[in-house]
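Dear colleague,

I am handing over the structure we spoke about, with the sequence alongside.

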Amino acid sequence: MDIGVISVRYARALLKSATDAKIEQQVYAEMQQIAKSYIEVPQLRSTIDNPMLSKDKKEALLLTAAGKEPSNLMKAFVQLVLKEDRESVMQFIANSYVTLYRQQKNVIRGRLITAAAVSPETEQKMRRMVESKTNGTVEFEAQVNPDIIGGFILEYDTYRMDASVKTKLNSILNTLKK
């Protein structure tokens with residue numbers, strides 16, 4: 001059994017159904033939440049894989065992992081996955097759906113790391129800059145890391161711009177060592 005092929009097929013079918021129903025963004029949020037739940041609660045995987053647990057309880061667990069009010073499509077999808085005994089690949093299906101959605105909608109993940117918190121205006125300005133360079137929508141995450149001393153690190157797609165004081169100081173130190 002090739003988990004990758006199976007998960008992509010289920011994810012592709014779910015994305016098509018969600019697109020037809022015009023709720024692909026809601027299902028995207030639900031699948032992100034499921035993927036996040038698997039990471040935050042490691043016992044979820046072993047619980048879902050437990051053959052002694054009834055399908056009803058597995059369904060309730062997966063729908064709880066999907067968020068507060070899962071869509072009817074998500075409910076039907078979880079029932080299908082359980083009916084076909086594919087619950088063991090649900091984490092992979094969720095990750096595949098997120099990837100396929102991002103490809104279809106040209107969504108790029110970006111991250112801004114600064115030494116101190118930045119204003120929402122600055123964060124928005126950086127987001128607009130990345131969106132103009134990539135011609136896509138950016139899911140932006142701002143992080144504070146005091147270890148970089150000052151400046152910022154901007155990452156998106158395969159691009160990394162490191163304008164941190166720590167990197168500049170290390171560069172000067174390496175030059176002096178030579």
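In which helix is Leu 176 found? Leu 176 belongs to helix 8, which covers residues 165-177, and please keep in mind throughout that this is a predicted model. With a relative accessibility of 68%, Leu 176 counts as exposed, because the cut-off for that class is over 50%. Together with Ile 149, Val 165, Leu 169 and Ile 172, Leu 176 makes a nonpolar surface patch of about 480 Å².

As for the overall layout, the domain assignment gives domain 1 as 2-103 and domain 2 as 107-177, and the C-alpha centres of domain 1 and domain 2 lie 33 Å apart.

Two further residues may interest you. Ser 7 has its place in helix 1 (residues 3-20), and Ser 7 counts as buried because its relative accessibility is 2%, where the class requires under 20%. Although Ser 7 and Ile 93 are 86 residues apart in sequence, their C-alpha atoms are 4.4 Å apart in space; leaving out residues up to four places away in sequence, Ser 7 touches Phe 92, Ile 93 and Ser 96.

Glu 30, placed in helix 2 (residues 24-40), is buried and yet has no salt bridge, the nearest side chain of opposite charge being that of Lys 75, at 8.6 Å. Apart from neighbours within four places in sequence, Glu 30 is in contact with Ala 66, Glu 69, Pro 70, Ser 71 and Met 74.

Methods. Residues numbered from 1 in each chain as written. Predicted model: local features only at pLDDT ≥ 70, side-chain atom pairs only at ≥ 80, totals over all residues. Heavy atoms only, no water. Helix = DSSP H or I, 4+ residues; strand = E, 2+ residues; numbered from the N terminus. Buried < 20%, exposed > 50% of the residue type's maximum accessible area, 1.4 Å probe, protein only. Contact = heavy atoms within 4.5 Å. Lys, Arg positive; Asp, Glu negative; His and termini not counted. Salt bridge = Lys/Arg side-chain N within 4 Å of Asp/Glu carboxyl O. Domains from an automatic or database assignment. Patch = residues over 30% accessible without salt bridge, like charges linked within 9 Å, V, L, I, M, F, W, Y side chains within 5 Å. Areas by Shrake-Rupley, 256 points an atom, 1.4 Å probe, with all protein chains shown as cover.
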